[in-house]
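Here's a quick tour of the side-chain contacts in this one. Have a look at the model first, then we'll walk through the charges, the rings and the surface.

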Amino acid sequence: MIPQQREEAAQALFTAFENASFIAPLRERYPGMSAEDAYAIQQLNTQRRIAAGQRVIGRKIGLTSITVQKQLGVSQPDFGTLFDDMSFGDSEVIPMARLHQP
């Protein structure tokens with residue numbers, strides 16, 4: 001992907017996040033998208049959220065199971081950033097509006 005495509009993809013994801021809406025997977029719009037592209041897009045949105053006042057509180061890792069990796073056609077775990085608005089304390093109610101697939 002060229003930088004402009006990465007920026008367009010990041011903006012589409014950011015807008016979907018802000019509107020709590022779904023969009024088609026980016027790989028459908030950008031069929032040649034690589035893992036490097038995906039992490040660059042993620043970094044653009046991390047920078048956006050930090051600029052908007054969000055605070056990074058940790059990191060997350062996913063797809064740690066070999067079985068799930070095979071199901072999804074990937075060969076390694078993935079990772080991302082956790083922000084302060086993603087954290088809920090013990091017994092704290094999580095608003096259903098925050099969840100797409102509760």
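Asp37 counts as buried, at 4% relative accessibility (buried is under 20% relative accessible area, exposed over 50% and partly exposed in between, with a 1.4 Å probe and protein chains only). Asp37 makes a salt bridge with Arg6, with 2.7 Å between the closest N and O atoms. A salt bridge here is a side-chain nitrogen of Lys or Arg within 4 Å of a carboxyl oxygen of Asp or Glu. This pair links distant parts of the chain, since Asp37 is in helix α3 and Arg6 in helix α1, 31 residues apart. Helices (H or I, at least four residues) and strands (E, at least two) are DSSP runs, numbered from the N terminus. Glu36 joins in too: Arg6, Glu36 and Asp37 are linked in a network of salt bridges.

Keep in mind that this is a predicted model, where local features need pLDDT of at least 70 and side-chain atom pairs count only at pLDDT 80 or more, while totals for chains, interfaces and linings use all residues. Residues are numbered from 1 along each chain as its sequence is written, and side-chain values use heavy atoms, with hydrogens and water left out.

## The other salt bridges

How many salt bridges does a search of the whole structure find? It turns up four. One of them pairs Glu7 with Arg48, the closest N and O atoms being 2.2 Å apart. Here again distant parts of the chain are linked: Glu7 is in helix α1 and Arg48 in helix α3, 41 residues apart. Glu7 is partly exposed at 34%, whereas Arg48 is buried at 19% relative accessibility.

Asp85 and Arg49 also meet through their side chains, in a salt bridge of 2.6 Å, N to O. Asp85 lies in the segment after β2 and Arg49 in helix α3, so this pair ties together parts 36 residues apart in sequence. Asp85 is partly exposed at 23%, and Arg49 is buried at 8%.

## Ring pairs

On to the aromatics: the whole-structure search gives two pairs. The rings of Phe14 and Phe17 have centres 6.5 Å apart and planes at 40 degrees, so they count as tilted. To pair, rings of Phe, Tyr and Trp (its six-membered ring) need centres within 6.5 Å; planes under 30 degrees apart are stacked, over 60 edge-to-face, and the rest tilted. Phe14 and Phe17 both sit in helix α1 (residues 3-19), three residues apart, or about one turn of the helix. Phe14 is buried at 13%, while Phe17 is partly exposed at 43%.

Tyr39 and Phe79 make a stacked pair, because their ring centres are 4.3 Å apart and their planes at 15 degrees. Tyr39 is in helix α3 (residues 35-51) and Phe79 in strand β2 (residues 78-83), so the pair ties together parts 40 residues apart in sequence. Tyr39 is partly exposed at 24%, and Phe79 is exposed at 52%.

## Arginines over rings

Arg48 lies over the face of Phe14, 5.6 Å from the ring centre, and Arg49 over the face of Phe83, at 4.2 Å. The test is NZ of Lys or CZ of Arg within 6 Å of the ring centre and within 35 degrees of the ring normal.
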